[in-house]
Amino acid sequence: MDINSLSFFKSHWTAWKVLGSAHQQIQWRGLYKVATILANLLVTIAYPFHLGMSLFRNRTLTEDILNLTTFVTCLACSLKFLIYAYNFDMVSKIEYLLRKLDQRVSGPKQIDIYSQLRNQQRMILYIFIGIYLPCAIFAELSFLFQEQRALMYPAWFPFDWISSTRNFYIANVYQIVGISFQLLQNYVSDCFPAVVLCLISAHIKMLCLRLEQVVDENELENCITDHKHLLELFRAIEAFMSLPMFIQFAVTALNVCIGIAALLFFVSEPMSRMYFLFYAMAMPLQIFPTCYFGTDNEFWFGRLHYAAFSCNWLDQSKTFKRKLMLFVERSLKRSTAMAGGMLRIHVDTFFSTLKFAYSLFTIILRMRK
């Protein structure tokens, strides 16, 4: 079986090439950079701007709420993508460390763990498709069933799109292309960390198996090196996703609250209500895979010292035992990914985010009373 963890990044590399982050892999770099700058100015910068200029200036309360949730989401998406693009060189380090760890995979049990990765990675992909597709469908249906000329998302344009048919089509094409570009940014920003954390969990499990089967000092040293590479990989992905995940936690809490409030109190149109229903469900699902595998990483890092003592260490030399004890002492240190240096990337934080959204919702309830 071909062991290549980088094969799980194919869709991400395709997205990065389209979005303009992978200039080192493009032959026509000059032209690519110009196209990248134009695309990101027109979408990454201008798209949240054209939504923000219309905040609380729309014809109906429904449009105001739709405008607010879309603006917050698109602004967060642009910020996350710009942060990832700024730190993009770290992807090379992540891939280098994964190649090192792939070289150590051997034996039927380890290969079986690796083969299970495909199902896990497929599940991550299905979750993100399940997030974006219903929201996109109901946003489009809500737009199509408008009784009068309207935009897909309430926004400001520097031209009159209401009375001019040509300008109306220009505005709508911009919004459709722009939101597609932003969805692609959101996919790669939210999916890549979850995929890497999933790979780390698998490699920790395989390291546990190797530790249990250690029979000499040389194999122990190789396992210690593997652990070092895993910690480097873990710290690299933590640094890469720390600030974007902090932004996503804040945006998730706010948008879940607004989405539920809009659904219950402010929106009456059937298509708009379905949109806000799926929107409120989609926001927490964006952070769940990353939180889940962050928890999984913490759990399996915490199992390494049990695996180390499962080997036949009693019959080994003093130097072996000394190195084993040093390894165990290091493995006892808790490895928890942090968002913004403050929030654990953990299932507990996922539920705390939902609790915070509920707290914001109760404030809205009191204001209504």
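**Note on the predicted model: pocket, cavity and selected residues**

1. The largest pocket has a lining of 33 residues, and those nearest its centre are Arg59, Thr60, Glu63, Gln146 and Ala150. The space within this pocket comes to about 720 Å³. The structure under review is a predicted model, and the points below should be read accordingly.

2. Which helices each supply at least two residues of the lining of the largest pocket? They are helix H3 (61-86), helix H5 (108-144) and helix H8 (270-301). Of the contributors, H8 gives the most, with five residues.

3. A search of the whole structure finds two cavities of 30 Å³ or more. The largest cavity holds about 290 Å³ of space. Its lining consists of 18 residues, of which Thr73, Cys135, Ile179, Leu183 and Tyr279 lie nearest the centre.

4. At least two residues of the lining of the largest cavity come from each of H3, H5, helix H6 (165-212) and H8. Here H8 gives the most, with five residues.

5. On the overall architecture, the protein has eleven helices and two strands. Read from the N terminus, the order of elements is α-α-α-α-α-α-α-α-α-α-β-β-α. The C-alpha trace spans about 85 × 55 × 30 Å along its principal axes.

6. Of the 369 residues in the protein, 51% are buried. Among contacts with a separation of 6 or more, 79% are between residues 24 or more positions apart. The accessible surface amounts to about 18200 Å², and carbon and sulfur atoms account for 64% of that surface. As to charge, there are 34 positive and 25 negative side chains, and the centres of the two sets lie 3 Å apart.

7. Threonine 62 is part of helix H3. Is threonine 62 buried or exposed? Threonine 62 counts as buried because its relative accessibility is 12%, and the cut-off for a buried residue is under 20%. Beyond its neighbours within four places in sequence, threonine 62 is in contact with Phe266, Val267, Glu269 and Ser272. A further pairing is with alanine 262, which is 200 residues from threonine 62 in sequence but 7.7 Å from it in space, C-alpha to C-alpha.

8. Phenylalanine 56 is located in the loop between helix H2 (29-52) and H3. What is the phi of phenylalanine 56? The angle is positive, at about 60 degrees, although the residue is not a glycine. Most residues other than glycine have a negative phi. Phenylalanine 56 counts as exposed because its relative accessibility is 59%, and the cut-off for an exposed residue is over 50%.

9. Phenylalanine 288 belongs to helix H8. With a relative accessible area of 27%, phenylalanine 288 is partly exposed. Where the chain comes together at this residue, phenylalanine 288 and isoleucine 124 are 9.9 Å apart in space, C-alpha to C-alpha, and 164 residues apart in sequence.

10. Serine 317 lies in the loop between helix H9 (304-308) and helix H10 (318-331). Its relative accessibility of 35% makes serine 317 partly exposed. Serine 317 and glutamate 217 are 100 residues apart along the chain, and their C-alpha atoms are separated by 8.4 Å.

11. Tyrosine 358 is a residue of helix H11 (residues 347-368). The relative accessible area of tyrosine 358 is 56%, so the residue is exposed. How far apart are the C-alpha atoms of tyrosine 358 and methionine 325? The two atoms are separated by 46 Å, while the residues are 33 apart along the chain.

Terms used:
Residues numbered from 1 in each chain as written. Predicted model: local features only at pLDDT ≥ 70, side-chain atom pairs only at ≥ 80, totals over all residues. Heavy atoms only, no water. Helix = DSSP H or I, 4+ residues; strand = E, 2+ residues; numbered from the N terminus. Buried < 20%, exposed > 50% of the residue type's maximum accessible area, 1.4 Å probe, protein only. Contact = heavy atoms within 4.5 Å. Areas by Shrake-Rupley, 256 points an atom, 1.4 Å probe, with all protein chains shown as cover. Lys, Arg positive; Asp, Glu negative; His and termini not counted. Charge placed at Lys NZ, Arg CZ, Asp CG, Glu CD. 1 Å grid on protein atoms, 1.4 Å probe; cavity = no way out; pocket = protein on both sides within 12 Å on 5 of 7 lines; lining within 4 Å. Points joined across faces, edges and corners; volume = space filled by probe spheres on them.
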